[in-house]
Amino acid sequence: DHFVRTGAVALSASAFEPFADLKAQVAGRIALIGNLNSVEMARWSPAEATAAVQKVLAEAGEGGGFMLGDHHGEIPFQVTNDVLHAIVHAAGGRGVEA
């Protein structure tokens, strides 16, 4: 509640935060950004990336007020294109033609 009162329009949370709980607390008041772990992302397979996206969407995607992203504000160079494409695909995007 304190954060919402600051006038901010969105909150980016750590991948270690209880994202479903955060969504419930801020729903309809501010947007939630996240919650992909960009540090771990460098070690993910495409299947792990897909699972991570599906988990985040299940926790916070319903009802709007959500932007899928990483929790650090940057994605390391070590994240492979296959993982990035899996993230886009799992989120319902078309991806980039190679």
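What should helix α3 (residues 46–60) span at 1.5 Å a residue, and how far apart are its end C-alpha atoms? The 15 residues of α3 should span 21 Å, and the end C-alpha atoms are 21 Å apart, which agrees. The expected span is 1.5 Å times one less than the number of residues. Helices (H or I, at least four residues) and strands (E, at least two) are DSSP runs, numbered from the N terminus.

This is a predicted model: local features need pLDDT of at least 70, side-chain atom pairs count only at pLDDT 80 or more, and totals for chains, interfaces and linings use all residues. Residues are numbered from 1 along each chain as its sequence is written, and side-chain values use heavy atoms, with hydrogens and water left out.

Now the faces of α3. Ala49, Ala52, Val53, Val56 and Ala60 are buried, meaning under 20% relative accessible area, with exposed over 50% and partly exposed in between (1.4 Å probe, protein chains only). Seen down the axis of α3, these buried residues fall within an arc of 95°, so they line one face of the helix. The arc is that of the directions from the helix axis to the C-beta atoms. Ala47 and Ala58 sit on the other side of α3, exposed. Cover for the buried residues includes α1 (19–26), β2 (31–36), β3 (66–70) and α4 (81–90). Contact here means heavy atoms within 4.5 Å.

Turn to α4. Its buried residues are Val83, Ala86, Ile87 and Ala90. They cover an arc of only 100° around the axis, which puts them on the same side of α4. Asn81 and His89 are exposed on the other side. The buried residues of α4 are covered by elements including β2, α2 (38–41), α3 and β3. After α4 comes glycine 92, with a positive phi near 100°.
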